[in-house]
Amino acid sequence: MTTKTGRPKAKLVLSEQERAELKRLVRRRSTPAAVAERAGAILRCAKGLGNTDVAAELGLHFQTVGRWRRRFVKERLDALYDEPRIGRPRSVSDDDVARVVDMTLHRKPKTGTHWSSRQVANELGLSQSAVARIWKAFSLRPDRSESFSLSRDPQFVEKVRDIVGLYMSPPDNALVLCVDEKSQMQALDRTQPLLPMTPTHPERRSNTYVRHGTTSLFAALDIATGRVIGKCFRRHRSKEFLKFLGEIEQSVPKELDVHLVMDNYATHKTPAVKRWLLRRPRFHVHFTPTTSSWLNLVESWFSIVSRRVTERGVHRSTAALEKDVRAFIDAHNDEPKPYVWTKTADQILASLRRYCDTANATRSRQTNESKL
């Protein structure tokens with residue numbers, strides 16, 4: 001009679017859900033290597049293989065396979081993951097985090113305009129890497145600064161409500177077009193050849209260039225479809241703007257009203273333009289508030305033109321630049337996408353109100369600090 005020795009193997013039976021999850025963990029690239037290895041061991045054990053056979057296949061010790069088998073039988077899928085380990089105590093306390101955030105937001109260095117992580121670390125007796133981690137956790141970037149301009153238009157609120165309402169609830173049997181000009185587009189040729197992109201380096205170009213003239217792009221963006229009516233002119237005057245309005249008139253079916261969203265540029269308000277619009281009652285003009293170009297959706301499209309055509313383009317003539325712009329417009333109109341405005345006028349005004357409250361509080365605090 002043969003006597004069995006050693007610890008008996010734990011009986012392992014998988015449900016369909018567990019088997020599917022284990023296979024997913026083995027196949028998925030983002031699965032940690034240790035978890036994938038344990039999932040593979042459990043799958044092999046469930047097929048009836050012994051611990052020694054599974055260990056030989058995976059290059060593990062048979063006792064390791066046995067340990068993970070027993071843990072899985074007891075804890076199921078949770079057994080694949082390591083339990084939290086007792087490690088070194090935190091070197092940065094919650095009070096240290098609060099001090100770093102408070103200093104970054106409410107104090108200025110004795111010299112300079114903004115903090116560096118090294119300066120904060122020296123002031124508070126922390127490591128530079130700890131300060132950098134805290135800044136990252138709270139999305140603090142003292143090295144960055146952005147510009148802004150608040151509109152002084154006395155009809156700001158009314159114009160915001162008018163244009164946002166037009167975007168979010170356009171009138172029936174009408175076309176909403178965002179109109180503007182991208183002026184002074186320069187045809188630039190680099191003084192030295194470009195160095196092409198390689199696997200280890202980005203494309204490089206010389207910082208000196210030769211100008212070959214300028215052109216202005218007049219564009220009207222249909223927010224409902226994303227299509228663009230565009231035309232380049234060598235000059236940027238009321239005369240050219242009237243010609244572009246003629247292009248719009250020819251492009252829009254006569255049975256539709258046309259709502260134009262434009263800025264307050266003088267070219268848009270000359271007597272000749274006003275007469276042209278009065279003779280065409282289906283055209284309705286909506287002016288954005290002063291210094292509020294963010295309300296005109298065609299500005300977003302202009303930024304794409306800058307990134308894709310002009311910033312890195314090489315043009316040895318104005319005609320070459322205009323040809324590339326026309327090609328870009330044609331390609332864009334082949335696969336247009338609607339421009340969807342999502343923020344209501346009330347949300348915009350509430351956000352501006354909060355900003356003004358914060359700006360006024362900051363100004364008051366700085367005034368009080370200067371008096372001390």
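Glu 21 and Arg 24 both sit in helix α1 (residues 16–27), three residues apart, about one turn of the helix. Helices here are DSSP runs of H or I with at least four residues, strands are runs of E with at least two, and both are numbered from the N terminus. The model is predicted: local features need pLDDT of at least 70, side-chain atom pairs count only at pLDDT 80 or more, and totals for chains, interfaces and linings use all residues. Residues are numbered from 1 along each chain as its sequence is written, and side-chain values use heavy atoms, with hydrogens and water left out.

**Salt bridges**

- The structure holds 14 salt bridges, each a side-chain nitrogen of Lys or Arg within 4 Å of a carboxyl oxygen of Asp or Glu.
- Glu 21 and Arg 24 form one of them, at 2.5 Å from N to O.
- Glu 21 is partly exposed because its relative accessibility is 23%; buried means under 20% relative accessible area, exposed over 50%, and partly exposed in between (1.4 Å probe, protein chains only).
- Arg 24, at 33% relative accessibility, is also partly exposed.
- Asp 346 pairs with Arg 161, with the closest N and O atoms 2.8 Å apart.
- That pair links distant parts of the chain, from Asp 346 in helix α13 (residues 345–371) to Arg 161 in helix α8, 185 residues apart.
- Asp 346 has 49% relative accessibility, so it counts as partly exposed.
- Arg 312 and Glu 203 meet in a salt bridge at 3.3 Å, N to O.
- This pair also links distant parts of the chain, 109 residues apart: Arg 312 is in the loop between α11 (298–310) and α12 (318–334), and Glu 203 is in the loop between β1 and β2 (209–222).

**Helix α6**

- Ser 117, Val 120, Ala 121 and Leu 124 are buried in α6 (residues 117–124).
- Seen down the axis of α6, these buried residues fall within an arc of 100 degrees, so they line one face of the helix; the arc is taken from the directions from the helix axis to the C-beta atoms.
- They pack against α5 (94–106) and α7, where contact means heavy atoms within 4.5 Å.
- Arg 118 and Asn 122 are exposed on the other side of α6.
- Gly 125 follows α6 and has a positive phi near 75 degrees.

**Positive phi outside glycine**

- Ser 139 has a positive phi near 55 degrees and lies in the loop between α7 (128–137) and α8 (156–168).
- Ser 139 counts as exposed because its relative accessibility is 64%.
- Gln 184 has a positive phi of about 55 degrees and lies in strand β1 (residues 174–190).
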